[in-house]
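Please keep the sequence and the structure in view while reading.

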Amino acid sequence: MRITFCQGVLALAIVINLLILYYVSRLQQRMLHRHRDHVQPSSRLLPVPQRPGVTVIIREFEDFENYVPDVVQSFLKQKPEQPVMVAADTLPYPPLVLPDAPNVQLVILKPAPDQPAHVSRPDMYVKTEYVALVPDGVKVDSTRQLDRMLEEFKANQGRVQMVAAPVQSLTPLQCLNLKVSLRKWTAEYSVAPSTRLCTALKGDAVILLRTKDLFNLSTPLAKPLLTSLFIQTSLRGWTVRILDVSFSSAHQPLLSSSHNQWKAENRAKASRLQLFRDFGIKRVLLEDGKQQWFGCSKETPRCFGTVHDDTPEYLYQNRWTPPCCLQALRETAKYVINILETSGVRYWLEGGTLLGAARHQDIIPWDYDVDLGIYLEDIPNCDLLRNVESGSIVDEKGFVWEKAIEGDFYRVQYSEHNHLHVDLWPFYSKNGLMTKDTWMDHRQDVEFPEHFLKPLLPLPFAGFTALAPNNYRSFLELKFGAGVIENPEYPNPARKKLDKGK
């Protein structure tokens, strides 16, 4: 049987494709075995002895388009024995074609069920005293670049914990100060007064620091790498100095198509969101004054669950109310008070809410709801309160009005999904005392003379003005005890005491 020319070409193409698939498969398996078999398990259980020198770590790159092999070759061209570690969450695909050299390692950070724990620990692969975190696309122009960084680090030892060499780009490296408050779930960036010494950087840079310092961080190679690094180092009081040394960028821009740029941006957003969730940061103030929120909203549940013993779970974590929750409480309180005022329902700030207004002109930083007292006889004036007797109401703004199941009072929730709320406690006058039909097991839940409400007086609260009992200090001391404004305490000290030294 004769084989036509077209059939021959087709057969040749099939053979070539099979050879390519075989080569790619072998290459990926070889990389995986290099990662797994780099050292014998018996030796990796011991601390890695450190020797003088710097290990280059390449962590942040896109698997679908990157220049990691070029970066590695750039370092090896200047110094063939240069230790290089490429760290990835999972085995990159398409495979990275890295030099087959013992000083070049690919480390997969995600643990594998068939491997011992140390295989996915990057600190077990670094044998040098220092590390340099290098971004994708960097080009080394001289053997002296890393040496100069190391010399500068040693010259500044004791004053800084990191040094940085800018990567040349259209956007210059910016020196920022970063203040992180885990208690307040907040990270705040500001422009540093110095252009050389600061606590965070914005832009691309090669960062050099001690190996032991990097791997003593809780998550040393979390992504986004520099965001993660500087959050952790700022909590430790570390600083970074920008040097006169700089590196070239061999590829500008790094990504060749708008589609790949879009993919990279989406991945960066997802990584940033996951990082802030892992670190418990819900509010970020940027150096330009803008804010970013990573907490709850009207469309999500609140940040904490059911409160037991008047002590929300975040207090046990030595944190206060998440800022997104406080913001939702402020918004709900302002909205409810506006409804009450326009409806002709007399109200006043009650209990811990009044205490917050007196002490902070705001909600107490660790409080989880807002309490308002109202006159029982005024309830018919408000359609929403009058109509909830037959079932909960979701109003036009998405707030949920309902009769509380715990007793004879009302509750307004931020939304159907988010149950942060304002409680409305109906009081009525009896023999000159304000009383009510439902009492909770709270120290401050007591009757009080009606003269505290005649007249009601304006008081700054949560960014607006609300009405409060006259002589609110005496009112609060009647409920909580003498000196309550000046002596803050958590709602249930028997469960959790406020550390007043912090």
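What covers the buried residues of H7? The cover includes helix H6 (225-235) and strand S14 (283-285), where helices (H or I, at least four residues) and strands (E, at least two) are DSSP runs numbered from the N terminus. The model is predicted: local features need pLDDT of at least 70 and side-chain atom pairs count only at pLDDT 80 or more, while totals for chains, interfaces and linings use all residues. Residues are numbered from 1 along each chain as its sequence is written, and side-chain values use heavy atoms, with hydrogens and water left out.

Helix H7 comprises the 22 residues 258-279 and reaches 31 Å from its first C-alpha to its last, close to the 32 Å expected at 1.5 Å a residue; the expected span is 1.5 Å times one less than the number of residues. The buried residues of H7 are Asn260, Ala264, Leu275, Phe276 and Phe279. They lie on the same side of H7 because they cover an arc of only 135° around the axis, the arc being that of the directions from the helix axis to the C-beta atoms. The face turned away from this buried side carries the exposed residues Ser258, Lys269 and Arg277. Here buried means under 20% relative accessible area, exposed over 50%, and partly exposed in between (1.4 Å probe, protein chains only). After H7 comes glycine 280, whose phi is positive, near 70°.

Helix H6 contains glutamine 232, which counts as buried at 3% relative accessibility. Neighbours within four places in sequence aside, glutamine 232 is in contact (heavy atoms within 4.5 Å) with Leu217, Ser218, Thr219 and Phe279. Leucine 217 is 15 residues from glutamine 232 in sequence and 6.8 Å away in space, C-alpha to C-alpha.

On a 1 Å grid over the protein atoms alone, a cavity is a set of points where a 1.4 Å probe fits but cannot get out, and a pocket is an open set with protein on both sides within 12 Å along at least five of seven lines; lining residues have an atom within 4 Å of a point. Grid points are joined across faces, edges and corners, and a volume is the space filled by probe spheres set on the points. The structure holds one cavity of 30 Å³ or more. The largest cavity has a volume of about 40 Å³ and is lined by Leu376, Asp408, Pro426, Tyr428, Lys436 and Asp437.
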